[in-house]
Amino acid sequence: QGKAGSSKFHARLRACSPERESVNLAMTTARSMMCSQLQAVISTLRGEEKCAVLVSHGSFNPVHRSHVDMMLLAWVELERRGFRVAIGILSLTSRWHIMGKGADAMEDKHRLEALSLACQAAGPDRMLVADPRGADYGSPWRVIHDLLMPEAKESVGQGWDQLSWFSVVGADNAINHPSEVHDRAVIIGRCGYTEALRQRHHATGAILLDSELGGDLSSTKVRQALRQGSEAEVRAMCLAPVADYLLEKRSELYAETCFQCSPPQRFPDPVGCGRFFWGGSRRKLQWYCHNCWWQWQPTLVVGVSGASGSGKSTVTKAACERLNGTGVFCEIVEQDDCRKRWKHWEHRPGHGDNARTDWEPPENVDWARFIHVIEKAAARSRVVLVEGYCIMYDERVRGLCDRFVWLEADEAMSCERRSSYPRCWPSKEEYFQACIWPAHLRYKSILFGEELQRGGIMDATPSHHFLRLQSADPLESSLDKLVSTIHAWVSEQDEASKA
């Protein structure tokens, strides 16, 4: 989870991809081109001159003319301001980011190849390079700070201080994602957004270009033109080499093979998953492939919650192993893996040495990251078990869960099984009585009402969508009941999807 987990995940994705050699070659090429170009430009700097690097982090699904024009406009503007621009890097976001928006996601190899062709078509005077490594990072500034800057520092050595890094952001992204706008951002104007940008980002120090991009181009329109077979529209929106490639590969751009058609030997292959579909009053996660697109397979997301020490982790891990053994590909998402750093945690009242850390409040959970991890897991598995002590606090998490399992544990059992506690507390028992059990009772009352009978969140949940287990029961008994219930839920979903 987090950056390290994301890197491991995409490393596994590249390792299991049939196109791993081309992806690895593109990664090596991007790094070597950046380092060699920086060394060449820095060696020719004079006086107070600064060397600039442009970075655009986007889906490029697929790349079109405006993507390249944005980089070239930013390049010209920085040169006008006295910078020597060495290179422009167009870095791909992860495929899960595209699917999370509900869009058709081109295969990574096609996005990368089209982007490489677009960079080459920009001309020799402006060196642009496609970099697939952005899939491991969630924002352009993470790409710059965590990936590119360490590589550049190692490469250029003493010339490091002469480098300036700029992210290139479209006007629509600057409005919709203001966190991506900093004093080292170049915002490219777009019709209908420029005036709002002036009002919102006048104090950020970002460079705002008033010259708006011509035409209303978007990747969505390119995909629509490809689906309709409109060659003229594709050529109008894309550079010639990119248009030739997309038209030639049109029937292969989204041709995936899902688990049902090509089941993996051990782990679900993330390259094999399809896309999200959205429908109803809340988001529903589904995947398909071109071989069996009429057999839509919904993802079953099951929330598993209960008191600390109720056996959530033990039961979910055992259930996951058993489900995978029966051919139902299952994955676990643990809430404890998505907690904020300690400095953001709530504290008990007190001052100085008397302030005591409280691990239990739901505010200590990084809910945005938690939801992102759930969606990624749902994109590649048939069943996702979302496990945590307060997962149903967040309305968005509740919306993603199709079914709910509650493990009932009494106070004595919970206290006996709980072992960890903040060392600023005198004892586990004192922390349990002051923080753990009161937090659990508040959570339980929100779910089931003050009298644990009615008036809670779970009142709106149909009885056949809810399973209550007793932590005091033998593990095998609870496990059999849980697995059989999940199989029944999966069959119910399959029947509903066919209807």
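**View 1. A cluster of aromatic rings.** In this predicted model, ring pairs tie Tyr393, Phe404, Trp406, Tyr443 and Phe466 together into a cluster. Seven aromatic pairs are found in the structure. One of them is formed by Trp406 and Tyr443, a tilted pair with 6.0 Å from centre to centre and 45° between the planes. The two partners come from distant parts of the chain, 37 residues apart: Trp406 sits in strand β12 (residues 403-408), and Tyr443 belongs to helix α16 (residues 428-448). Trp406 is buried, with a relative accessible area of 0%. Tyr443 is buried too, at 1% relative accessibility.

**View 2. Strand β9 and its two partners.** Let us turn to strand β9 (residues 300-306), where seven of seven residues are buried. Cover is found on both faces of β9: Leu300, Val302, Val304 and Gly306 are buried on one side, while Val301, Gly303 and Ser305 are buried on the other. As a general point, side chains in a regular strand alternate between the two faces of the sheet. Six bridges connect β9 with strand β11 (residues 383-388), and these two run parallel. Within that pairing, Val302 stands opposite Leu385 in β11. A further five bridges connect β9 with β12, again in parallel.

**View 3. An open sheet of six strands.** Follow the strands across this sheet and you will meet them in the order β3-β2-β1-β4-β5-β6, with parallel pairing. At the edges are β3 (128-131) and β6 (207-209), each of which pairs on one side only. From one strand to the next, the twist averages 25°. Strands β1 (residues 50-58) and β4 (residues 163-170) run parallel and are joined by five bridges. Along this pairing, Ala52 stands opposite Ser164 in β4.

**View 4. Helices packed on the sheet.** Helix α3 (residues 65-80) lies across β1, β2 (83-92), β3, β4, β5 (185-188) and β6, and runs at about 160° to β2. Helix α6 (residues 140-156) packs on the sheet as well, where it touches β1, β2, β3, β4 and β5. The direction of α6 makes about 155° with that of β4.

**View 5. The loop between β1 and α3.** Two backbone details are worth a look in this stretch. Pro62 lies in the loop between β1 and α3, and a cis peptide bond joins Asn61 to Pro62, with omega at about 0°. Phe60 is found in the loop between β1 and α3 too. The phi angle of Phe60 is near 50°, a positive value in a residue other than glycine. Is Phe60 buried or exposed? Phe60 counts as buried because its relative accessible area is 4%, and the cut-off for buried is under 20%.

**View 6. Leu54 and the nonpolar cores.** The largest nonpolar core has 43 residues, and those that touch the most other members are Leu54, Leu78, Phe166, Val186, Val242 and Leu246. Which residues does Leu54 contact, leaving aside neighbours within four places in sequence? The contacts of Leu54 are Met71, Ala74, Trp75, Leu78, Val85, Ile87, Gly88, Ile89, Phe166 and Val168. Apart from this core lies another, of 26 residues, including Met34, Val41, Ile87 and Trp141.

Key. Residues are numbered from 1 along each chain as its sequence is written. This is a predicted model: local features need pLDDT of at least 70, side-chain atom pairs count only at pLDDT 80 or more; totals for chains, interfaces and linings use all residues. Side-chain values use heavy atoms; hydrogens and water are left out. A nonpolar core is a set of buried Ala, Val, Leu, Ile, Met, Phe, Trp, Tyr and Cys residues joined through side-chain atoms within 4.5 Å. Buried means under 20% relative accessible area, exposed over 50%, partly exposed in between (1.4 Å probe, protein chains only). Contact means heavy atoms within 4.5 Å. Rings of Phe, Tyr and Trp (its six-membered ring) pair if their centres lie within 6.5 Å; planes under 30 degrees apart count as stacked, over 60 as edge-to-face and the rest as tilted. Helices (H or I, at least four residues) and strands (E, at least two) are DSSP runs, numbered from the N terminus. Two strands pair if DSSP finds at least two bridges between them. Axes are lines fitted to C-alpha atoms, for helices over the stretch in contact, and angles run from 0 to 180 degrees between N-to-C directions.
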